[in-house]
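Dear colleague,

Please find the structure we discussed placed below. My notes on what was found in it follow directly after.

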Amino acid sequence: MRKQTLTNAERYITEELKDLENKILNADQKILRLESSLFDEVRKTLAGQTQALKTFARVAAQLDVYASLAQTAAQNGYVRPTVDDSDVLSYKGGRHPIVESTLPPGSFVPNDLSVNSTDNQIMLITGPNMGGKSVFLKQTAILVILAQMGSFVHLYGGNERNGPYFSFHDAKKPYLAGRSGPRHLYL
Ligand SMILES: Nc1ncnc2c1ncn2[C@@H]1O[C@H](COP(=O)(O)OP(=O)(O)O)[C@@H](O)[C@H]1O
Ligand SMILES: [Mg+2]
């Protein structure tokens, strides 16, 4: 079959080659059609399972949280806090996990805290700029929140007491003071 005449050459093509050419040229479109129809099918199947998918996503997210807390606790030697009904918030060897991780190993100075709502209710921290005041407050907040979440906490040593269910308030917001109860922790 003659295909094209050039100045000094003739081009020929066979029926078979023509078919092959068509096949190759149309392959892209065929792939796209196939792909989008498969994708449609997947979408339809999934659309019928949204409830199950949502449940799975929620469970997977929860597992992720628990597994991450467990891994962090295991890797960093966290200890199990005691959360009870007393009015005591007390810990020994407290550290700030993030600040500590940015410092050379062993250079973070652990701190203790012991307060309660009867005879040791208010503590005032003073010290020079960059003395570690804010870090101490934040580490206390993180400890209490983690303990209340049911997580292990970043203390040196074991079996520390981490107080009852405290609720947190920002001491810089004085309007909250009127509403405080024996288990409100102001930082
Ligand atoms: N317990 C600690 N041990 C070692 N370094 C600390 C400790 N607490 C704080 N630091 C370091 O000192 C810096 C300043 O602490 P920060 O609490 O912000 O000071 P302040 O609030 O007293 O000005 C932190 O960024 C950290 O690098
Ligand atoms: Mg500060």
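Which element gives the largest share of the shell around ligand 1? Helix H4 does, with 3 residues. Please bear in mind throughout that this is a predicted model.

The surroundings of ligand 1 comprise 14 residues, and the closest are Val109, Gly132, Lys133, Ser134 and Val135. Sorted by class, this shell holds 7 polar residues, 6 nonpolar residues and 1 charged residue.

The largest nonpolar core is made up of 8 residues: Leu89, Tyr91, Leu143, Val144, Leu146, Ala147, Val153 and Leu155. Two elements, strand E3 (88-94) and helix H4 (133-149), each give two or more residues to this core. The largest share, 4 residues, comes from H4. As general background, nonpolar side chains tend to be buried together in soluble globular proteins.

Turning to the protein as a whole, its secondary structure amounts to 4 helices and 6 strands. Along the sequence these follow the pattern β-β-α-α-β-α-β-α-β-β. Of the 187 residues in the protein, 11% are buried. Among contacts with a separation of 6 or more, 59% are accounted for by residues 24 or more positions apart.

With kind regards

Notes:
Residues numbered from 1 in each chain as written. Chains lettered and ligands numbered in written order. Predicted model: local features only at pLDDT ≥ 70, side-chain atom pairs only at ≥ 80, totals over all residues. Core = buried A, V, L, I, M, F, W, Y, C linked by C-beta atoms within 7 Å. Buried ≥ 20, exposed ≤ 12 C-beta atoms within 10 Å, placed from the backbone. Near = placed C-beta within 6 Å. Nonpolar A, V, L, I, M, F, W, Y, C, P; charged D, E, K, R; others polar. Contact = placed C-beta atoms within 7 Å.
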